[in-house]
Amino acid sequence: MRYIEPHAHMVTRTTNDYQSLAMAGCKAVCEPAFWAGFDRSTVGGFRDYFMQLTEYEPRRAEKFFLKHYSWICINPKEAEDIGFAREVIALIPEFLQKSNVLGVGEIGLNKNSVNEVKIFQEQVEIAVKHDQLILVHTPHLEDKLKGTKLILEMLQSHSGVRPERVLIDHVEEHTVRMVVDAGFWAGITLYPESKCTPPRAVDMLEQYGSTDRIWMNSACDWGVSDPMALPKAIMELRKRGFDDAAIDRFVYRNPVRFLGQCPKFDLTESDAV
Amino acid sequence: MYKDMNRADANAALDWGIGCGKIFYMNTPSHHPVDLYFMDARSKLIDIAAFMDRVQRSGETDDYRYQMFLKALQGLDSTNRAEAVLGILSDMTADPTQVATPGPASGAWKEEA
């Protein structure tokens, strides 16, 4: 079954994972910039990473007939050093011009600190100024609820932010309603332990799927995560009685509708199954 | 014998049979939550019970994470249980912290942190 993996950190994955994604029906992989598992010591380290996201990974994906798109930003975990973060932010406009870059992301909060808030706001400003889509990371575990509320407040207080062009990711049962009620897109991340299981994801789709502003992703990275999470969620949807058209909406057409707001995203809802 | 079962029984037998490496009579899969998830939830419930026994034996019941875990169990009395449990484990303060706390999130809010 066709689907789009809208959030995967492929730089951390093996080539076998690209092959598995393609064989499972994946048509495109979207890769937000994120924390490498360690703090980078130089701005040059970020430049190299952004080059990897915009030049190298698309070629690796292409070998398996997969389209590869990316998002550019400095992640919240490396936002605590404001001066350093601003040097990285200065790189962003250059990379927004790259042919596979869909927008600014995944910006957001990690520990909900004052400096994270400042760097988040500055990157929202860049996105608005350059008319870019925004992909937002919400914090982990006990920090998620507060972080999501702070993020919503900041986005809603910015007159240049259009909710339909912002996806707020990693929602769970205690945050999904506030995100969709505010008119933003919501992303459900399927993690074996720390975020959401396929049965819980389907629970949320049953309750909020009619908004048509919701998708699922694996957010697979170097941690405990599963690049095959979406095919497993498709199986879960089948178990729960969803038909092919409904499943296609959740895993293909919804992502196409959000990502297609960027003219560089060249898959359409009517592309072949 | 399995073809005489109702759907729920047949599905349960099918699940059990697959678990034992056997193949039983196939029936239309059920979409009912209890049919689909009872065995999984039962297993997780026993895991929780065993976890609590383990923590008690180890004398770690004062750990703030365990205390918050016990508190979060109260969320099961709610009507929106998943949301309630997640809420109880969350930081409910409103203002940004002055500095990001070091290390990863623990999964349970520590009030004095």
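## Contact between the chains

Two residues are taken to be in contact if their C-beta atoms, placed from the backbone, lie within 7 Å. On that basis, in this predicted model, 24 residues of chain A are in contact with 23 residues of chain B. On the side of chain A that touches chain B, at least two residues each come from helix H5 (114-129), helix H6 (144-156) and H8 of chain A, and H6(A) gives the most, with 4 residues. Sorted by class, the residues on this side of chain A comprise 12 charged, 6 polar and 6 nonpolar.

## The crossing of H8 and H9 in chain A

Helix H8 (residues 198-208) of chain A and helix H9 (residues 229-239) of chain A have axes that come within 9 Å and cross at roughly 60°. Because of that angle, H8(A) is classed as oblique to H9(A), and the crossing of the two helices is right-handed.

On the side of H8(A) the contact is made by A:Pro198, A:Pro199, A:Ala201 and A:Val202, while H9(A) contributes A:Lys232, A:Ala233, A:Glu236 and A:Leu237. By class, the contact of H8(A) with H9(A) has 6 nonpolar and 2 charged residues, with no polar residues.

## Nonpolar cores

The largest nonpolar core has 81 residues, and A:Ile168 and A:Ala186 are those with the most contacts inside it. Helix H10 (residues 244-259) of chain A gives the most to this core, with 7 residues. Once its neighbours within four places in sequence are left aside, A:Ile168 is in contact with A:Val136, A:Thr138, A:Thr148, A:Ile151, A:Val179, A:Phe184, A:Trp185, A:Ala186 and A:Gly187.

## The surroundings of A:Glu172

A:Glu172 is found in the loop between strand S6 (166-168) and helix H7 (176-181) of chain A. Is this residue, A:Glu172, buried or exposed? A residue is buried if 20 or more other C-beta atoms lie within 10 Å of its own, and A:Glu172, with 21 C-beta neighbours inside 10 Å, therefore counts as buried.

Leaving aside neighbours within four places in sequence, A:Glu172 is in contact with A:Lys144, A:Lys195 and A:Cys196, and also with B:Leu86 of chain B. A:Glu172 and A:Ala201 are 29 residues apart in sequence, and their C-alpha atoms are 8.2 Å apart in space; A:Ala201 is also one of the residues through which H8(A) makes its contact with H9(A).

How values were computed: Residues numbered from 1 in each chain as written. Chains lettered and ligands numbered in written order. Predicted model: local features only at pLDDT ≥ 70, side-chain atom pairs only at ≥ 80, totals over all residues. Axes fitted to C-alpha atoms, helices over the stretch in contact; angles between N-to-C directions. Parallel < 35°, antiparallel > 145°, perpendicular 65-115°, else oblique. Left-handed = near helix turned anticlockwise from the far one by under 90°. Nonpolar A, V, L, I, M, F, W, Y, C, P; charged D, E, K, R; others polar. Core = buried A, V, L, I, M, F, W, Y, C linked by C-beta atoms within 7 Å. Buried ≥ 20, exposed ≤ 12 C-beta atoms within 10 Å, placed from the backbone.
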